[in-house]
Amino acid sequence: MKPIVFAMVAATAFCVCAAESIQLPEPDKTGGMPLMQALAERKSSREFSEKEVPLNVLSSLLWAADGINRDDGRRTSPTGLNVQDLDIYVMLPDGTYLWDFKTNQLLLKKAGDQRKAAGRQPFTHTAPVNLFYVQNLDKSMKTDETNTARHGGIHAGAVMQNVYLFCAKEKLSCVVRDSLDREELAKVLGLSDRQRIMIGQTVGYPKN
Ligand SMILES: Cc1cc2nc3c(=O)[nH]c(=O)nc-3n(C[C@H](O)[C@H](O)[C@H](O)COP(=O)(O)O)c2cc1C
């Protein structure tokens, strides 16, 4: 076999291939823990098992975070003037994706394990799910820079708290993280200069 053909066959056979898109199952929007109990159990944890989070759980988590909850397309998290300028990027062991909240699909941004870029804290490199909340300035309210930045932080704050509460209900470990190398991460996420990483959040099963 010619070397170039061999290399192509080997690459196909041995790569950990991420799908171009992953259709997530329907989220479960019913039941769960009473709200007051979820609030009582909300907390940050920094110990994660490497066990993967099943796609049905991830789907429900993303819906809780910022899914459509009304017929007019509004979401579980509020945004000023309903601009919906926050996107959720999902870093999994096999690849990094953008969550398309309308179709509930994960759209591949970069294949392969990119978790070294997930954060400065080592647990982010082995935890199964890292989420990143990214403000898209092309969708943001046309106002001054300070106000736009303030709204971006508030929008990410609402989403992160939804995720914290979902994790309390699902007995998942979770921590929101500002300790990021935003320049490196922006390359992995494939962001333009009109997109700003607000904050990250790591999710997974507790270690023990
Ligand atoms: C804006 C913000 C940034 C944070 N950044 C980090 C971080 O980079 N790394 C980390 O381990 N925790 C981070 N945290 C989590 C806080 O340390 C945690 O919320 C705080 O200690 C209170 O603990 P609790 O969430 O269990 O109530 C952050 C929290 C917020 C709200």
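Modeller: A crossing is left-handed if the near helix is turned anticlockwise from the far one by less than a right angle, and right-handed if clockwise. Helices (H or I, at least four residues) and strands (E, at least two) are DSSP runs, numbered from the N terminus. In this structure, α3 crosses α4 in a right-handed manner. The model is predicted: local features need pLDDT of at least 70, side-chain atom pairs count only at pLDDT 80 or more, and totals for chains, interfaces and linings use all residues. Residues are numbered from 1 along each chain as its sequence is written.

Colleague: Which residues of α3 and α4 make the contact?

Modeller: Two residues are in contact if their C-beta atoms, placed from the backbone, lie within 7 Å. Here V57, L61, A64, A65 and D66 of α3 meet V159, N162, V163, F166 and E170 of α4.

Colleague: In what order do the strands of the sheet lie?

Modeller: Two strands pair if DSSP finds at least two bridges between them. Seven strands make an open, antiparallel sheet, ordered β1-β4-β3-β2-β5-β7-β6. Its edges are β1 (21-23) and β6 (173-177), each of which pairs on one side only. Within the sheet, β5 (residues 129-136) and β7 (residues 195-204) are antiparallel and joined by eight bridges. N136 is found opposite Q195 of β7.

Colleague: Which residues surround the ligand?

Modeller: A residue is near a molecule if its C-beta atom, placed from the backbone, lies within 6 Å of it. Around the ligand are K43, S44, R46, Q121, V175, V176, R177, D178 and S179.
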